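Hi,

Here's the structure I promised to pass along.

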Amino acid sequence: MVTRNYRIGHTEIALTMPEEMPCPENLSKFRIAEPERAKEEVIRYQIEYTDDIEGIKGQLLEMKTGREIYRDDLTVFQTEQGECRFLKFRGAKQHYAVSAQEQDNRYHIWFDKSVEKMLVFDTVFLAALCLEKQVMRDDAWILHSAYMCYHDTAVLFSAPSGTGKSTQADQWETYRGTWTVNGDKSLLVREPDGWYAHGWPICGSSEICNNKAYPVRAIVMLSQATENRVYPLKGIQAVRELLAQITVNGWNSEFQIKAMDRLEVLLQEVPVYKQECDISEEAVRCLERCLETDSRKDA
Amino acid sequence: MKIIKEFILREIAGECVLVPTGATSQEFNGMITMSETAKFIWENLEQVDSLEEMVQLILDNYEIDEETAKKDAVAFIGALLQNGFAECTKEDQTW
């Protein structure tokens, strides 16, 4: 067994797992030599293979307290020790992983031996770590967004999958020489001097994943259109669109309330725009004018 | 009348919304924006025993006419029943 430490935003995790177990390459970008936070603040995972996932599930279900939340790819329930999750690929018959919280900051994870080769995929491996829950302890949350670095600030293009988030980020790379920190996700953190976007070890099909943090200049909610238009998104419409793109454990009301509290603060402090756009330099120009006008106002 | 789904009722960005939580979050997406009267009806749905009582409670608390109060109550409660968020507790299904 080997133990490796990682820091994602301000959240630190330690994974103890078989040395030969594959691990997503993107996660290695977040590796640190030694924990920087106090011992009790590090989330520790014991990870192993099993050829009896049904047996482990059965034992945990016997300890279940309260009801079960069920969806096609995930089952969640509580035991006295904490939260348990069974993970499945959509449409599959069998679960491929089980995660059981054993203490406040300790988790035990079992992967079915048959998925060994798939553990290099960030979504497969990291889904078992319930990272969205861990970062929320540090008041951070994950925004489904293409994270673009623009003049050392973060511009986050957010929208439902398939809208063209990374395509817009690509357009900026082409026409303005910006670079993409993550093609699909960013971690939003409220630091003492404002909001920052941090890197995230999952990047979907974009394959662009970097561990960099920049202050958030703007969040841009995208939608496809034939004419280019950018305007500020405010009030409940901004809440509605943003909340739909934040990773929230919907079954956990405490988590949801915290997310909404943070969202209210974010909306007061970060400009949120709606951009209706096509794929062209004009789309880039349209948003650029808006960003530059706002930064002149700030100055 | 009884609320049978799990929602968080809260104010955000100056609006009152219902956000699905618990098992309900796996059935419904998004949030429901509510008017001031709808919020009042939601909060008092389980405290009254009939539509007439609800209408009277609205009239006691808001400066609106009876017709509007009844229209608001029927529309909102109808939507709750239709979406399976609430169910009647009286045998004759009148409340």
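How many salt bridges does the rule count over all chains? The total is 28. Before you read on, bear in mind that this is a predicted model, so everything below is computed from predicted coordinates.

Let me start with the place where the chains meet. On the chain A side 18 residues are in contact, and they touch 17 residues of chain B. Together the two chains bury about 1,500 Å², and carbon and sulfur atoms account for 61% of that. If you want to know where chain A puts its share, look at Ile236(A), Arg240(A) and Met260(A): they supply 35% of the area that chain A buries against chain B, more than any other three residues.

Three salt bridges are found across the interface of chain A and chain B. One of the pairs in the model is Glu6(B) with Arg67(A), at 2.5 Å from N to O. This pair crosses between chains: Glu6(B) sits in the loop between strand S1 (2-3) and strand S2 (7-12) of chain B, while Arg67(A) belongs to strand S5 (residues 65-71) of chain A. Another salt bridge joins Glu264(A) to Arg10(B), with the closest N and O atoms 3.2 Å apart.

Now for the helix packing, beginning with chain A. Helix H6 (residues 235-243) and helix H7 (residues 253-269) of chain A pack at about 125°, and their axes are 11 Å apart. H6(A) and H7(A) are therefore oblique to each other, and their crossing is right-handed. From H6(A) the contact takes Ala238(A), Val239(A), Leu242(A) and Leu243(A); from H7(A) it takes Met260(A), Leu263(A), Leu266(A) and Leu267(A). By class that gives eight nonpolar residues, no polar ones and no charged ones.

Chain B has two helix pairs to show you, and H2(B) takes part in both. First up is helix H1 (residues 36-44) with helix H2 (residues 51-61) of chain B: the axes come within 11 Å and cross at roughly 125°. That angle makes H1(B) oblique to H2(B), and H1(B) passes H2(B) in a right-handed crossing. The residues that meet are Thr37(B), Phe40(B), Ile41(B) and Asn44(B) in H1(B), and Met54(B), Leu57(B), Ile58(B) and Asn61(B) in H2(B). The contact has five nonpolar, three polar and no charged residues.

H2(B) also packs with helix H3 (residues 66-82) of chain B, at an angle of about 125° and with the axes 9 Å apart. Again, that makes H2(B) oblique to H3(B), and the crossing of H2(B) and H3(B) is right-handed. H2(B) brings Leu51(B), Met54(B), Val55(B), Ile58(B) and Leu59(B) to meet Glu66(B), Ala69(B), Lys70(B), Ala73(B), Val74(B) and Ile77(B) in H3(B). Here the residues divide into nine nonpolar, no polar and two charged.

Cheers

Conventions: Residues numbered from 1 in each chain as written. Chains lettered and ligands numbered in written order. Predicted model: local features only at pLDDT ≥ 70, side-chain atom pairs only at ≥ 80, totals over all residues. Heavy atoms only, no water. Axes fitted to C-alpha atoms, helices over the stretch in contact; angles between N-to-C directions. Helix = DSSP H or I, 4+ residues; strand = E, 2+ residues; numbered from the N terminus. Parallel < 35°, antiparallel > 145°, perpendicular 65-115°, else oblique. Left-handed = near helix turned anticlockwise from the far one by under 90°. Contact = heavy atoms within 4.5 Å. Nonpolar A, V, L, I, M, F, W, Y, C, P; charged D, E, K, R; others polar. Buried area = accessible area lost by both parts, 1.4 Å probe. Salt bridge = Lys/Arg side-chain N within 4 Å of Asp/Glu carboxyl O.
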